[in-house]
Amino acid sequence: MKRFKTTKGLIGIVLLLVILLVAILGPMVIPPDAATAMDMRARRAPPSLTHFFGTDQLGRDMFYRVILGTRTSLEIAVSAVVMSIVLGLPLGLISGYLGGLIDNVLMRLVDTLLAFPALLLALTISAVLGPNIQNTIIAIGVAFTPYLARIIRGEALRVAQMPYVEAARSSGTTDIMIMWRHVLPNIMPAVIVQSTISLAFAILAEAGLSFLGLGTQPPAASWGLMIQASRDQLDIAPWTALVPGMAVALTVLGLNMFGDVLRDILDPRAK
Amino acid sequence: MKRRDFLRNTTAVLGSGVFMGASLPSALFAQETPATGGTLIWGHSETTQNLDMHQTGTASSGRVLQNIHSSIVTVDKDLNVIPGLCESFEVAPDGLTYTFKLRAGVKFHNGATMTAADVKYSFERCKDPATGAVNFEVFNNVAAVETPDDLTVVIKMSAVNAPFLSRLAENGAGVVMPVDSGPTQGTNPMGAGPFKFVSYEVGTVVKMARFDDYWEGPSYLDAVEAREITEPTTRLTGLRTGELHMINDIPLDRVGELQADAGLQVKTWFPLNFDFINMNHTFEPFKDKRVRVAFDMIIDKEALMEGALWGQGATTASPSFPTSAAYNQGLKPRAQDIEGAKAMLAEAGYPEGSLNIVFKATTNYPYHIETAQILVEWFKMAGVNLTIEQLTWADWLSQCWVDKDYQMTMMNFFTLWESDFLYFSVWNSTGAFNYRAINDPIIDDLTAKARITVDDAERAKIYQAVQQQIWDEAHDIVLWFRNGTIGAQPAVMGLDTVVHPNGSNLNFHKVWLKA
Amino acid sequence: MRALCGARVLSLGVLHMAYVLNRLLSVILTLFLITLVTFAVTNILPGDVAMMIMGTQSNPEALAGLRQSLGLNDPLLVQYGHWVGGMVTGDWGTSLIFKKPIIELLGQKALASAIIVIMSMTIALALAVPLGVWAAVHRDKWQDTVSSSSALMGVSLPDFFWGILMILVFARWLGWFPSSGFVDPSVDFWATLRHAFLPSFALGLGLMAHLTRMTRSTMTGILSQEFIRVARAKGLAERTVIWRYALANAIGPVITIAGLQIGYLFGSIIVMESLFGYTGMGWLTYQALLNRDLPLIQYTVVFIAAVVMLTNLAVDLLYVVIDPRIRLG
Amino acid sequence: MKDIVTVDHLRVEFSTDDGPVIGVKDVSFAIAPGETLCVVGESGSGKSVTSLSLMRLVEFGGGTITNGALNFVRMDGTTLDVAAASPQVMGAVRGNEIGMIFQEPMTALNPVFTIERQLTDGLMLHKGLSQEAATARALDLLKSVRIPEPERRLKQYPHELSGGMRQRVVIAIAIAMACEPKLLIADEPTTALDVTIQAEILALINRLKRENGMAVLFITHDMAVVAQMADRVVVMRHGSIVETGTVQQIFENPQEDYTKALLAAVPKLGEMKGKAAPERMRLIGDEAARAAQTAPKPRKPQVLLQVKNLTTRFPVKGGILRRTVAQVHAVEDVSFTLNVGETLALVGESGCGKSSCGRSILRLIEPTSGEVWIGGRDIGALNRQDLRRARADMQMVFQDPFASLNPYRRLKDQVAEPIQNFGLASGAELRDWVLQLFDRVRLPREFMNRFPHELSGGQRQRVAIARALAVNPKLIVADEAVSALDVSVQAQVLNLMMELQEDLGLSYLFISHDMAVVERVAHHVGVMYLGRIVEIGPRGSVFDNPSHPYTKSLLSAVPIADPSKRRFAEDLAFKPISSPIFPLDHRPALSVYTEVAPGHHVLQA
């Protein structure tokens, strides 16, 4: 079983490494123009030797676009998830560990955010702050925060009742130190798992947002934007969806497999 | 390398612009006797909103309501104003009095017979700011609507308003509603049109049924169901599976594909609208004519049309209705000359790489986004860095249209054949739609002069001069007329009659379904 | 803490009524917060409905007139007061773009959405539960990977991808289902279901991943419990042990997650409803937002929030029915 | 008589991440009808795997029987090799001819099915009974396991039953199929139960065996239970059999060192009779340590901890506004004193309030009223800051050595934490301090950099003790500190605690349910029942002369690790413990005591 798990983890790590390499090296190896260069003779050309992954509606090479889009997509997704962690972690931790009135107030706030449509949030951010990548990250990050806060609160609540927390308290550890030393490390596995899932959602969220004008601005490439652009041509040029779709799928798969391994790495018990 | 290929090839591939053309089956049976009966299921591309003809500014609602209402005057194929609900009209030589003789025995859907009182009611309702009518300014100079008898309407103007009649023939302003029907028009529209309103399920379907007492004779169809399907792929699928008889607005990139399908009819026509690229004249670089002209020179309009519209349009340098007298035949789009543009920009003080322009495009028109993306490539070659910002329709309207907070953008307008409305409101420095803040004394003079010029030929000349001035100064970069498109099952007959001469409205009065 | 457990069992009856009321109170409090936030946010949004109605025909003069007639010029506090007051008294006003009473619009659209929400959730559960159980039974084996990977596929591609795929495959190529539209169930219930199926199926695929995961992890936990060994020691067939004994315990947490997903679902139906010309709450909210129809935005947002929170409450109560350990006394 | 089960060279392997691990190496034994065979061993000895193999349930845990035969004589007289039987045949055997009881009554029943359903589904499956017949049979079964109000129980769900009743239901399920199941396997059936309930269940198993003539395979780690139940005993260790024999042979004349060590580590209730002071356990191989034990220095009694009228109640919330509608009287008017260098044991069954009492003293939970004086300070009156500082004087050791250490921190950091909290040392000084603590609790120094999971339960408990010792406390509250440990490890930890007490003059508040252990370690004993101390006094006095009825029943229920003193032949029924929840206006009577002997107080009824 372990061998199986290790192989799985290895596949995950390899996948992620390849994706990371593509994100980092892609823009160095491939001229940035390659993603936007158009060829009107070859609009929606199916995959071929000249265009490995075919072309889109403007005759742009999908292979170059998907590779040069990697970095943008990952940057957006990772930043948004990091932002949601930065916001959601303290919220959930404090709420779950301290409980009582603070918990009640914070959770009502989280409920409000949860019930508040992400669409309205995105539209407002786009309209008030303007459509660009930073604001896209804010929109996704803020939208994800309540979910994360909820999950972290649940975990913190569970950990706060563990005897080692009681032991720490009885040996005079302050609440802040208990949260830092005891609660935080023990909720990290849940945070990691949630983050890997959130990353996938964040990549796709960008696709949805570019529908509203937020997200990567064309003609720059990102997976989300490419997926969104495939919407009207799925029946005649399925590769326009499948190419970025597979990129997302592989990333998600890699993250998932890696997530399990990462949990094991972080968990001293599994060493 | 690729870019050069792109340029060469798009020009090579270009065909000639498509005028009105219906690809076959229907033409073969055009002589058949129309059959009565059947319900036409129309896949409508947009959502119908408020059903009050006066309050409706959106094309989607207008497209439907066109079948429910009749207008006092309308236009023929050549865009001449002709009588509608009136038998005749007369304009006093001083241009201050209009007299309409109404048709006798015109029935409204509620069974009432139209009288002058209904006309008076409708016009005054539209004029009243409290109604919130979109076209209320058509009646700006109207001092009084008088009804000497049941079939005569006399309109007194406080000042000459040459375009008044044409404006009445346009969307909405000239429709006649029964007295006191105003409050219910929004939910239960009623007029004297060929179809009666049956029901509207918001966002899903508008149902209309034949009005047997229609003054031009009853329609062939028993009923029309306008199903609202905004997603292009879904609409296409509905047509292909036979769930829909007809769809409007075939995505431009799919027209060729459908035309190739022998089992379907495709009808394209132009102009549906014209598009132009706007430069904000308060933005420092665009104050310099050389920059504007250089920008015009960067763009290859034919290639752009092929790229963004998939060839479904025709380039133009004039926004006038192509068959109208005012259309300046002498104007041609500036040819692409990137080196020349570079030189001109350098001369204006903007050497390569020094101009960074934000191009705001609205997601409401996907082909605007495509246009912008193609522009980015050319502008890059000319050393101008163009960045796209996508805006929702609401944001575009508030940022570009109202607040004039943009550098460069593009927009389309339904091609208005009434020149005064077009040139005065869009290019006169005091024009209501001058969102580029253009301030050109020559245009101001010309457009003012046209208003008081009675002779039609003379007026047309003035407007041609306006077009010349717009082109010379490159106030805006006029791109093209875009095609309108309809796709239909072979059984749908009389498709030629569907499109209103103004290019945007659909009327099903003479459409029929072959068994 | 251990002592408290005893207390719980004893006074369950009291606790439960109180629990329900307490939850209701917090729902109302949250709704109030949402009205505030929504009102504030909608008023920050630039642009207004008058502009949207006029479009490129709008000019300052015309806009002013239309705004007047739409009552957009009242002070904000007055508008908020009107709104909340109207909400409570049932006078929800009229949509500015559709000119229809909001209450009527919401009624129609909520019904349409309810159908696909329920249907998609049913489909998602019908797919996710067996898949998750299968994965749990073969934990850490290839079956587990296949299960989680296929569930992940559902979230790796956006909803509209699955929607369009459904349209192409089942409507265009196979012709089994209509490609679009909504039929009122009072007219033809069978047609309602046929029209709702494809969008529901596409939505279900998106929901599946999380549910599969949840089923797997819950089942994994339950399969290691002593009572499963007891069931096996009784000689029950493995089939019975897993699908009856274990699943009966796993279904509660899975349904709780399903309940939480309702909120997420109300986000995804926006795309799916437009795609299938199946106009429900998602579509209505989207139209309201795009057209800056503030009264409609405010009511749709609060309505959806209320539905989401009440659904979660209902799920919690359902849990009580499923799990006798927390049954009403 | 012919043996009903013959286990022949059983070997079980588990495939794990690190390759195959041997669960059972080589085990052979036989059970005759009507005989109770006890398999005894510490955790990891393979005793449970052996029992699961007999049911072929071991496969569901990833195990495989790789060698040996498990011959079982079926009802029709044929012999079946369980190791080679098909799943279908096993389905017919399991539950039908072999019944099994498991350790955890709380989790052994499916929480979402009624008792009736769980009893009848097997009956309907194996016997083809109709629903009515099965229900009738189920009712008979519940009666035969002596559950009160059996009709009502059928319609109830497991959570509505107490632990003891649940275990009776599990036994009913195990014996459901026939009046005489051929074999009953009981895998640690009473480990999780309170002592009085354990006594009842043991008596029940004895009666059923006697009445039905079935064979019982009894798996346990508890030598006292073995002494009470077994006809014959198999001692297992590391997957192999160490020694087999009749119960008398094993207890009176053990042959193997391991068996001797095991027996030595078990405290026998009553063996401390007449001894004034606590005494360390006799550990084989630890004779030197034992010899080193100096005679306890007579101390001048000096009060360290004084508890006066301590009361702790938990609110039961209800109503819309979450008002308190009732109260759990967890600790009710408890008073006692604890002297420097002495151990006071609080004993009682689960829910009696002994843990809450310990926590209330440390103010880990806030007491409702009462005073707690330590070294002249009223703990109850301290503010947050002072309380934090005062906690240096009083530390706690928890029951679960797995849960009381943070899995994500290195041991040295966990031990150092209290020292850092009070700013007592840092840098090299801190390191030395921690080093000394590791030496003190006899843990190798290289363990400092390890994580908790790398240690065994006993080692972890030593770390917990080191952590408690870190700030030189005067009082240690040990809450079931040795309950989760194997018996030999338990003895070692107990010895360590006693050694520390002698060396450092520590006082222990020793909270435990195990009367035999308490008898060994305590100077004074307080018996708790429903939140009150019902009897308190010097250990000898309380054990020799239990005066409160509850103390008496408690002591009578303790199994004694001596086969000559069997106590559970007849059905037993102790008075069930009532609820500690009272309405808000309930005014409990004050605790009034009668002194029956010097320092020996008994609660007046």
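Author: Two strands pair if DSSP finds at least two bridges between them. The model discussed here is predicted.

Reader: In what order do the eight strands of the open sheet in chain D stand?

Author: The sheet is open, and the pairing of its strands is mixed. Strands of a sheet can pair either parallel or antiparallel. From one end to the other, the order in chain D is β16-β17-β18-β13-β19-β20-β23-β22.

Reader: Which strands of chain D stand at the edges, and why is one side of each left without a neighbour?

Author: A strand at the edge of this sheet has a single partner strand, so one side is left without a neighbour in the sheet. In chain D, this holds for residues 394-397 and residues 593-597, which are β16 and β22.

Reader: By what angle are neighbouring strands of this sheet turned against each other on average?

Author: The direction of the strands is ignored in this angle. On average, neighbouring strands of the sheet are turned against each other by 20°.

Reader: Which residue is the bridge partner of D:L346 in β18(D)?

Author: Strand β13 of chain D covers residues 343-347, and strand β18 of chain D covers residues 507-512. The two pair in the parallel sense, over five bridges. In β18(D), D:L346 has as its bridge partner D:I511.

Reader: What does the secondary structure of chain C come to?

Author: Read along the sequence, the pattern of chain C is α-α-α-α-α-α-α-α-α-α-α-α-α. The C-alpha atoms of this chain fill a box of roughly 85 × 60 × 35 Å along the principal axes. Of its 329 residues, 53% count as buried. The secondary structure of chain C comes to 13 helices and zero strands.

Reader: At what angle do helix α6 and helix α9 of chain C pack?

Author: Helix α6 of chain C spans residues 102-137, and helix α9 of chain C spans residues 189-223. Their crossing is right-handed, and the residues of their contact divide into 23 nonpolar, eight polar and one charged. The axes of α6(C) and α9(C) lie 4 Å apart, and the angle is about 35°.

Reader: Which element gives the largest share of the side of chain C that touches chain A?

Author: Here 35 residues of chain C are in contact with 33 residues of chain A. By class, the side of chain C has 25 nonpolar, nine polar and one charged residues. Elements giving two or more residues to this side include α7, α8 and α11 of chain C. The largest share, eight residues, comes from α2(C).

Reader: Which element gives the largest share of the side of chain C that touches chain B?

Author: Between these chains, 42 residues of chain C are in contact with 45 residues of chain B. The residues on the side of chain C divide into 20 nonpolar, 17 polar and five charged. Elements giving two or more residues include α3, α6 and α12 of chain C. The largest share, seven residues, comes from α4(C).

Reader: In which helix of chain C is confidence lowest?

Author: The average pLDDT of chain C is 81, and 91% of the residues score at least 70. Confidence is highest in α6(C), at 91. Over residues 1-14 of chain C the pLDDT is below 50, and this stretch has 29 contacts beyond near neighbours in sequence. At a mean of 37, confidence in chain C is lowest in residues 2-10, helix α1.

Note on methods: Residues numbered from 1 in each chain as written. Chains lettered and ligands numbered in written order. Predicted model: local features only at pLDDT ≥ 70, side-chain atom pairs only at ≥ 80, totals over all residues. Buried ≥ 20, exposed ≤ 12 C-beta atoms within 10 Å, placed from the backbone. Axes fitted to C-alpha atoms, helices over the stretch in contact; angles between N-to-C directions. Contact = placed C-beta atoms within 7 Å. Nonpolar A, V, L, I, M, F, W, Y, C, P; charged D, E, K, R; others polar. Left-handed = near helix turned anticlockwise from the far one by under 90°. pLDDT = per-residue confidence, 0-100.
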